[in-house]
Amino acid sequence: MAVDLRPTVDLRTPAQGRFNRWLKIGVVALSALISTLAVVSLKSSHDAFEQKAQVAAENLAATLQQTIDTEVLKVDTALQSVIVQVRPTLSGTGLAERSFAESVLAGQEALTPDLQGLRITDADGIVRVGTAVAADEHLDLSDREFFRLARDAKDGGLVISGPVLTRTDKRWVMVLARRLASSEGAFSGVVYAHMPIDHFQRILASVDVGPMGAVTLRTHSMQLVGRHVPSQTASLPVGTTNVSEVLIQAMQRDPRRGSFVATTALDGIERITAYRQVGNRPLLVLVGFDRATYFGLWRQQALLVGGLTAVVLIVLLGASTLVLRAWQLEGVQRSALLREGRRNHGLLLTASDGLHVLTRDGMVVELSDLFASMLGYERNALIGRHVSTWDASIDQGVINQWLQSFQLGERRKFATRHRRSDGSLIDVEIHSAGVRIEDQELVFCSARDITARKQMERQLAASAQEIHDLYDNAPCGYHSLDANGIFVHINATQLSWLGYTRSEVVGKKHAFEFLTEQGRATFERNFPQIKANGRLDGVEIDLVCRDGSRRRVSINSSAVLDAKGNFLRSRTAVFDMTELHRTKEQLSKLSREQEAMLDNDMIGIARIRDREIVWKNPAMDRIFGYAPGEMIGLPTRRLHVDEETFASEGAAAYPLLLQGGHYRRQLEMSRRDGQRIWIDSNGVIISGDTGESLWMFTDITPIKQAQAHVEHIAFHDGLTGLPNRLLLADRLQQGMAHAARNNRLLAACYLDLDGFKKVNDELGHAAGDLLLQEIARRLQASIRANDTVSRLGGDEFVLLMTELESRSECLAALARIQAEVGKSVQLRDGQEALVSASMGVAFYPGNGSDPDTLLRNADAAMYKAKRAGRNQFQLYD
């Protein structure tokens with residue numbers, strides 16, 4: 001069914017004319033108001049983006065200056081440590097002990113790997129000692145700026161100079177120096193260190209500022225030290241002072257910190273930049289965000305707001321047109337309505353919005369070409385169809401109920417989704433009005449495709465969420481306090497530190513409640529300064545968390561003022577310094593521990609390269625008997641007892657060390673005076689590139705001497721010093737094996753003294769001991785070097801003769817022994833003793849194939865000699 005909407009009469013009344021004028025005035029006024037609100041909103045958003053960019057740049061600059069200040073502090077600590085150690089060795093205007101100073105510099109450089117060179121000049125600026133400087137190299141630095149500044153610095157403070165190009169290896173460095181003075185305060189030279197520009201460049205490159213952002217380090221004289229722009233690869237113009245005029249003006253206002261917006265002189269890119277002085281150093285860090293990139297999100301937001309404003313204005317215009325037309329339709333006669341309908345029928349078909357007319361039953365009676373095109377249909381294909389055919393959000397029953405409830409003259413606006421002929425979905429906004437035409441109640445609808453707008457709204461919501469997430473989950477805490485110190489804002493990061501929820505803190509908690517007693521005193525002293533001066537930076541305090549734990553933080557705060565300059569609230573960034581604070585304390589403790597370890601007097605420690613000592617601790621001088629500094633450059637061959645030991649030690653140790661292994665050995669080594677000492681040596685590689693190794697040397701000579709003494713007691717007779725029964729058994733076992741291999745004889749001779757008991761009883765045990773000692777000496781002198789005399793106990797001895805070709809060799813020796821034993825023995829106080837020997841002999845292998853059998857048979861032969869009248873020897877048969 002189609003309805004003819006073309007009226008035939010045009011009738012207007014004076015009331016309609018007045019209504020038209022007022023409607024137009026209202027539309028124009030409302031449009032102007034909406035446009036003004038959009039402009040104000042965009043301006044406020046732009047200011048917020050710029051403020052957030054400034055805060056982000058300031059926070060990054062604050063973090064970066066702390067990082068660089070820490071690096072400078074480590075080097076300054078090394079310089080001060082060198083001065084403390086070498087000052088006692090100063091003589092006149094120079095160093096009395098060059099080698100000691102070299103060892104001190106080497107030790108400090110090993111603890112501070114970021115240094116390129118650590119050196120000491122004399123009072124005339126001549127480098128006398130230093131790392132990476134040849135012994136015969138002559139360096140005159142009296143014309144260098146850092147030398148003059150350090151010389152004139154009576155307080156001995158740190159001097160930072162550069163960037164300069166080194167004269168030796170032509171590298172750009174920053175020079176850190178301190179005045180070296182004798183204990184009487186006389187100027188003796190300068191201790192200085194090189195920090196490579198490349199080291200600062202790596203620190204700058206670690207800061208994330210986006211592809212076109214810039215991170216820069218300059219001196220206070222604006223000389224460029226380092227600069228990092230991720231998208232630029234051009235070489236650095238180190239030392240250039242080419243900066244924008246805006247930066248110079250900002251530095252004149254506040255040389256320590258500030259921010260500005262300007263075009264960078266080096267690359268012509270406009271950036272939002274913040275700068276900070278590095279501690280109290282003559283260095284300046286600058287962090288800049290590319291303005292074009294950073295405001296990309298705002299431009300998207302501006303386009304979205306502009307689009308939404310245009311849509312609202314168009315809808316307003318459309319709605320006002322509908323209102324006007326409805327008024328006209330209600331105020332004219334039926335014939336004028338029909339004639340007007342015919343004249344505007346073409347407008348219905350070609351309107352810019354998707355117009356369509358529905359019956360109370362939801363059937364389409366008329367529609368525009370644009371609406372049909374919007375749904376992807378031909379116009380005639382939709383006439384007479386129910387609206388639920390393409391509505392994808394509302395079912396047919398709900399639509400019918402909604403249409404039946406529509407009142408004449410009522411206007412409704414809602415959003416829904418329509419399904420196109422190809423199945424795709426679009427978002428639409430519907431403006432509808434109830435009208436009566438030819439006694440038929442209809443619903444006039446204007447549909448607009450808002451798919452693009454919805455997508456922009458979703459993107460805007462996502463962007464807003466990202467901004468909120470950036471604030472709430474930043475790696476640092478943010479909060480605001482009112483004039484009374486009560487929290488009015490706080491981000492999730494700081495809440496997680498404190499262990500509270502936002503509802504527990506905002507509007508309820510005072511900053512005092514999270515501070516220690518010392519922190520409260522600091523707050524009372526500094527919070528009024530924020531309200532009075534508008535800014536406070538770098539204050540460190542301890543936060544007390546809910547669980548009682550403490551967190552060390554650094555606070556940077558600024559004031560938010562109203563139009564009259566009155567304080568509204570603080571704007572504070574809180575940086576967690578707990579780990580940095582703990583690290584500083586640990587580094588200080590580690591430095592003290594390392595110095596104590598290296599300077600101990602018990603264990604010698606040395607660094608060795610190419611088998612020459614390049615550094616050692618004082619214990620090495622004591623152990624090996626050298627004067628201080630005398631061992632630097634000493635070949636380790638001088639410490640070994642001979643060339644063979646030196647070569648074997650190198651062949652065993654260094655292949656293992658170069659594979660990453662650990663080498664340890666106990667060996668005899670030589671002191672400077674030639675005395676041999678036992679050393680427990682322990683080595684490990686510390687540099688695979690140079691082959692440098694670290695060794696520890698422990699003097700174990702007393703331990704070895706005690707060990708040898710214990711072993712001698714265990715295997716020798718305490719009275720005579722002869723081998724005891726244990727050592728005899730071992731030598732007898734070895735002698736029998738040797739005789740078997742070489743087809744030789746071995747003789748075991750059991751000897752017992754005749755008349756010893758009488759001497760013991762008449763002259764005493766002391767005389768008996770002297771007699772035994774003298775007999776032992778005579779027996780030892782009567783045998784060959786490869787033979788053995790052993791005392792089994794009392795007056796019993798065993799002689800072990802090896803390498804015998806015949807029995808006659810043994811018998812001749814026994815005859816000599818019998819004659820020696822039978823000689824008179826002079827005792828104390830003119831006393832004299834005379835004894836003889838009864839001996840029994842058993843031969844291996846004929847008289848026994850094992851030690852026990854051989855000794856038992858020799859004992860039996862000895863008793864045979866006793867029974868035969870003593871003072872003779874008998875062979876076992």
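## Leu64 and the nonpolar cores

In this predicted model, Leu64 touches Ile203, Leu204, Val207, Val215, Val285 and Val287, leaving aside residues up to four places away in sequence. Leu64 also belongs to the largest nonpolar core, which has 40 residues. Together with Ile68, Val82, Ile120 and Leu217, Leu64 is among the residues with the most contacts inside this core. Several elements each supply at least two of its residues, including helix H1 (14-86), helix H2 (98-111), strand S3 (117-121) and strand S12 (283-290). The greatest contribution comes from H1, with 10 residues.

A second, separate core contains 32 residues, among them Ala747, Leu771, Leu804 and Phe843. In soluble globular proteins, nonpolar side chains tend to be buried together.

## A five-stranded sheet

Five strands form an open sheet in the order S29-S30-S28-S33-S34, with mixed pairing. Strand S29 (788-793) and strand S34 (873-875) are the edge strands, each pairing on one side only. From one strand to the next, the twist averages 20 degrees.

S33 and S34 run parallel and are joined by three bridges. Met839 stands opposite Phe873 in S34. Helix H22 (residues 765-782) packs on the sheet, where H22 touches strand S28 (745-754), S29 and strand S30 (796-804). The direction of H22 makes about 5 degrees with that of S30.

## Ser838 in strand S33

Ser838 lies in strand S33 (residues 836-844). Is Ser838 buried or exposed? Its relative accessibility is 0%, so Ser838 counts as buried. The side chains of Ser838 and Asp754 are joined by a polar contact of 2.8 Å. Leaving aside residues up to four places away in sequence, Ser838 touches Asp754 and others, including Tyr750, Met862 and Arg870.

How values were computed: Residues are numbered from 1 along each chain as its sequence is written. This is a predicted model: local features need pLDDT of at least 70, side-chain atom pairs count only at pLDDT 80 or more; totals for chains, interfaces and linings use all residues. Side-chain values use heavy atoms; hydrogens and water are left out. A nonpolar core is a set of buried Ala, Val, Leu, Ile, Met, Phe, Trp, Tyr and Cys residues joined through side-chain atoms within 4.5 Å. Buried means under 20% relative accessible area, exposed over 50%, partly exposed in between (1.4 Å probe, protein chains only). Helices (H or I, at least four residues) and strands (E, at least two) are DSSP runs, numbered from the N terminus. Contact means heavy atoms within 4.5 Å. A polar contact is a pair of N or O atoms within 3.5 Å; within protein, one must be able to donate a hydrogen and the other to accept it, and residues adjacent in sequence count only if both atoms are side-chain atoms. Two strands pair if DSSP finds at least two bridges between them. Axes are lines fitted to C-alpha atoms, for helices over the stretch in contact, and angles run from 0 to 180 degrees between N-to-C directions.
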